[in-house]
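This briefing is a short tour of one protein model, written for a reader who has the sequence and the structure at hand. It goes through disulfides, sheets and salt bridges in turn.

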Amino acid sequence: QNSDGLLGSGQYGSSTVPVTALGISAATSVATGGYHSCAASTAGTVKCWGGNGSGQLGDGTLTDSLTPVDVAGLSGVAEIEAGSAHTCAVLATGLVKCWGSNFGGALGDGTNTNQSAPVGVVGLVDGAQVAARNHTCAVTVVGSVRCWGANQAGQLGDSTRISSNVPIIVPGVAGAGRVTAGGSHSCATVAGGTVECWGDNSFGQLGSG
């Protein structure tokens, strides 16, 4: 599907075979959101392409792009993750920066205002890995998990259904290695190789029986 330039090929039209995203070289990782995509390079920079109605391309505009554009003022990136309409990056310094839709506080900057360029996540200075959909979670270097954004199904893991525009600690989760965010639930791998999940369970997505 390529209605918003999701494939980065410089033209519209869906493709049933792989096409090359233009202008991407030395890519280390790629992240796909609802209607945009991003790639990080060995140089620590990020390029994004596709839909940009909420600023999720991070180039300071709200203009869709058929080809990859540079995320403004971002360097030293170690990891990226794309949500439905926002994007987050972990820097080599441990800081986390996000941009795009701020629905429910998904950017974690203490506001609910969309941002078309990266902003820092409040109080998170040692993020090791991020996961994003309509909410965002990060594993810190000490193995704790912090989440922020929409929380209508308890996907922030704090025993409430109150959204938060700043990171909050998920209680009872320690020794986490990875975290992933679904539409309205989250899961983390923890010490010993087990998996802990929280949030929406209407289809059994928490795996608790």
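In this predicted model, Cys137 and Cys147 form a disulfide, with 2.1 Å between their sulfur atoms. A disulfide is a covalent bond between the sulfur atoms of two cysteines. The model has four disulfides in total, and two salt bridges. Two open sheets of four strands are also described below, one in the order E9-E10-E11-E12 and the other in the order E5-E6-E7-E8.

**The disulfide of Cys137 and Cys147**

- Cys137 belongs to strand E10 and Cys147 to strand E11, so this pair ties together parts that are 10 residues apart in sequence.
- The torsion about the S-S bond of Cys137 and Cys147 is about 105 degrees, so the disulfide is right-handed.
- Are these two cysteines buried or exposed? Cys137 has a relative accessible area of 0% and is buried. Cys147 also counts as buried, at 0% relative accessibility.

**The sheet that holds this disulfide**

- Strands E9, E10, E11 and E12 form an open sheet in that order, and the pairing is antiparallel.
- The edge strands are E9 (127-132) and E12 (164-169), each of which pairs on one side only.
- From one strand to the next, the twist in this sheet averages 20 degrees.
- E10 (residues 135-140) and E11 (residues 145-149) run antiparallel and are joined by five bridges.
- In this pairing, Ala138 stands opposite Arg146 in E11.

**Other disulfides**

- Cys38 and Cys48 are joined by a disulfide, with an S to S distance of 2.1 Å.
- Cys38 lies in strand E2 (residues 36-41) and Cys48 in strand E3, so the pair ties together parts that are 10 residues apart in sequence.
- The link of Cys38 and Cys48 is right-handed, with 105 degrees about the S-S bond.
- Cys38 and Cys48 are both buried.
- Another disulfide is formed by Cys187 and Cys197, whose sulfur atoms are 2.1 Å apart.
- This pair links distant parts of the chain: Cys187 is in strand E14 (residues 185-189) and Cys197 in strand E15 (residues 195-199), 10 residues apart.
- About the S-S bond of Cys187 and Cys197 the torsion is about 110 degrees, so this disulfide is right-handed.
- Cys187 is buried, with a relative accessible area of 13%, whereas Cys197 counts as partly exposed at 23%.
- What pattern do the disulfides follow along the chain? With bonded cysteines counted along the chain, the pattern is 1-2, 3-4, 5-6, 7-8.

**The sheet of E5 to E8**

- Strands E5, E6, E7 and E8 form an open sheet in that order, with antiparallel pairing.
- The edge strands here are E5 and E8 (115-120), and each pairs on one side only.
- The twist in this sheet averages 20 degrees from one strand to the next.
- E5 pairs with E6 (residues 86-91) in the antiparallel sense over five bridges.
- Val77 stands opposite Leu91 in E6.

**Salt bridges**

- The side chains of Arg133 and Glu81 meet in a salt bridge, at 3.7 Å from N to O.
- Arg133 lies in the loop between E9 and E10, and Glu81 in strand E5 (residues 77-82), so the pair ties together parts that are 52 residues apart in sequence.
- Arg133 is partly exposed, with a relative accessible area of 32%.
- Glu81 has 19% relative accessibility and counts as buried, because the cut-off for buried is under 20%.
- The side chains of Lys47 and Asp70 also meet in a salt bridge, at 2.8 Å from N to O.
- Which strands does this pair tie together? Lys47 lies in E3 (residues 46-50) and Asp70 in E4 (residues 65-70), so the pair ties together parts that are 23 residues apart in sequence.
- Lys47 is partly exposed, with a relative accessible area of 24%, and Asp70 counts as partly exposed at 46%.

Terms used
Residues are numbered from 1 along each chain as its sequence is written. This is a predicted model: local features need pLDDT of at least 70, side-chain atom pairs count only at pLDDT 80 or more; totals for chains, interfaces and linings use all residues. Side-chain values use heavy atoms; hydrogens and water are left out. Two strands pair if DSSP finds at least two bridges between them. Axes are lines fitted to C-alpha atoms, for helices over the stretch in contact, and angles run from 0 to 180 degrees between N-to-C directions. A salt bridge is a side-chain nitrogen of Lys or Arg within 4 Å of a carboxyl oxygen of Asp or Glu. Buried means under 20% relative accessible area, exposed over 50%, partly exposed in between (1.4 Å probe, protein chains only). A disulfide is a pair of cysteine sulfur atoms within 2.5 Å.
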